[in-house]
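This report is an introduction for a reader who has not seen this structure before. The sequence and the structure come next.

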Amino acid sequence: MEPDDFPTPDVEVDEIEPDELKQQIDDGESVTILDARMEGDFEEWHIDGDAVEIANVPYFHFLDDDVDDDLLEQVPEGDPLVVLCAKGGASEYVAGRLAEAGRDVVHLDDGMNGWARIYEREDVSRYDGPGDLYQYQRPSSGCLGYLLVSDGEAAVVDPLRAFTDRYLDDAAALDAELTYAFDTHIHADHISGVRALDERGVTGVIPEAARQRVVTYIDDLETASDGDTYEVGAATVETVHTPGHTSGMTSYLLGGSLLATGDGLFVESVARPDLEEGDEGAPDAARQLYETLQTRVLTLDDDVLVGGAHFSDAAEPAADGTYTAPIGELEDDMEALTMAEDEFVDLILSDMPPRPANYEDIIATNLGQQTADDEEAFELELGPNNCAASQDALTGD
């Protein structure tokens with residue numbers, strides 16, 4: 001059912017904005033949620049947190065005339081209870097029925113779609129190159145991006161199409177012109193914003209190594225080959241080919257201080273190797289990833305920061321709130337980075353999570369082989385990213 005299909009509840013129910021709910025969770029406040037989506041949608045993707053209590057009771061249980069005691073026993077108490085659904089219509093209706101039954105409730109404005117529009121920018125405080133570096137975080141999917149600003153110019157790495165205006169606005173607010181938009185690879189979990197930014201006058205850059213995947217628009221953009229450098233004010237962006245997650249996977253060394261590794265290396269795990277060639281090609285890609293990590297990444301100075309394109313629920317943020325870590329620290333904490341090749345390959349093939357939702361359509365869209373309007377693109381990328389090799393952190397004991 002669409003939001004407008006639900007009757008207006010007789011009892012007026014207050015809304016809570018997604019940003020406000022996110023702040024409460026970040027602050028460690030106790031939050032109780034009733035997720036009224038279907039069970040499969042809930043199991044695939046839902047709001048979580050250390051102080052979050054969440055239950056799933058699909059909205060259709062509340063369509064009967066009476067909300068009986070048996071149903072109410074499935075609904076947790078909250079102070080207030082936050083009711084949510086996909087787009088906000090079902091949650092307003094369910095919250096109204098619960099309010100009629102005497103419960104203290106609010107409903108999440110715009111539902112999980114609103115949650116997916118949260119996009120936060122954090123200062124990477126340990127960056128010590130020219131200018132300033134920021135990390136973008138999308139908590140709904142774990143997507144990360146980077147904004148480098150120096151001497152009136154700016155560059156963004158791994159932009160999302162849904163936030164095209166945000167990058168331009170942020171650069172302007174920081175007294176800079178957005179000059180470059182870089183993609184690390186052909187993404188499988190979100191629609192890239194590089195082409196959209198290129199159409200707005202920003203120079204879009206994708207890896208030259210992605211040409212073999214038949215990117216239909218590759219000749220319309222600039223392509224970055226291994227060793228290429230780009231000037232962003234006083235800072236440089238150096239191209240480092242880092243295949244493994246995909247054959248065209250490319251990292252960018254920003255200001256000599258942070259390596260934006262795309263989906264090659266994360267602060268809690270390494271890349272999964274099966275999204276380009278499937279299960280059959282995964283072992284060879286895993287060996288390629290091992291070679292890349294040992295010869296292209298771990299050979300950098302220990303104090304160079306690693307910043308991936310994603311984070312998972314298993315990741316722990318640094319003191320500055322960013323998902324970044326020095327290479328030396330990762331090498332100490334992540335046993336996979338010091339394993340022999342065969343052991344490494346066996347490890348990362350052993351516990352891969354489900355592939356990202358709609359990944360085939362997302363890849364095809366990012367290759368330019370099919371199209372999606374803004375609403376379709378947004379719907380395609382809802383859900384978790386699942387781009388790491390393990391569902392659990394590979395760091396620590």
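Predicted model: local features only at pLDDT ≥ 70, side-chain atom pairs only at ≥ 80, totals over all residues.

**Nonpolar cores.** The largest nonpolar core has 50 residues, and Phe182, Leu254, Leu265, Val270 and Phe344 have the most contacts inside it. Helix α8 (residues 278–297) gives the most to this core, with 5 residues. Another core lies apart from it and has 30 residues, including Cys143, Ala171, Val215 and Tyr217. In soluble globular proteins, nonpolar side chains tend to be buried together.

| Residue | In contact with (heavy atoms within 4.5 Å) |
|---|---|
| Phe182 | Ala155, Val156, Val157, Asp158, Pro159, Val194, Val205, Tyr230, Val237 and Tyr252 |
| Val202 | Leu168, Leu178, Thr179, Tyr180, Ala181 and Leu197 |

**A loop residue.** Val202 lies in the loop between α7 (194–199) and β11 (203–207). Val202 has a relative accessible area of 3%; buried means under 20%, so Val202 is buried. Its C-alpha atom is separated by 43 Å from that of Ser30, which is 172 residues apart from Val202 along the chain.

**Helix α4.** This helix covers residues 89–100, and its 12 residues should span 16 Å at 1.5 Å a residue; the end C-alpha atoms are 17 Å apart, which agrees. Because 10 of the 12 residues of α4 are buried, the helix is largely enclosed by the rest of the structure. Among the buried residues are Tyr93, Val94, Arg97 and Leu98. The buried residues of α4 pack against β2 (31–35), α3 (69–72), β4 (81–84) and β5 (105–108). Just after α4, Gly102 takes a positive phi of about 95°.

Conventions. Residues numbered from 1 in each chain as written. Heavy atoms only, no water. Core = buried A, V, L, I, M, F, W, Y, C linked by side-chain atoms within 4.5 Å. Buried < 20%, exposed > 50% of the residue type's maximum accessible area, 1.4 Å probe, protein only. Helix = DSSP H or I, 4+ residues; strand = E, 2+ residues; numbered from the N terminus. Expected span 1.5 Å × (residues − 1). Lists of a residue's contacts leave out its neighbours within four places in sequence.
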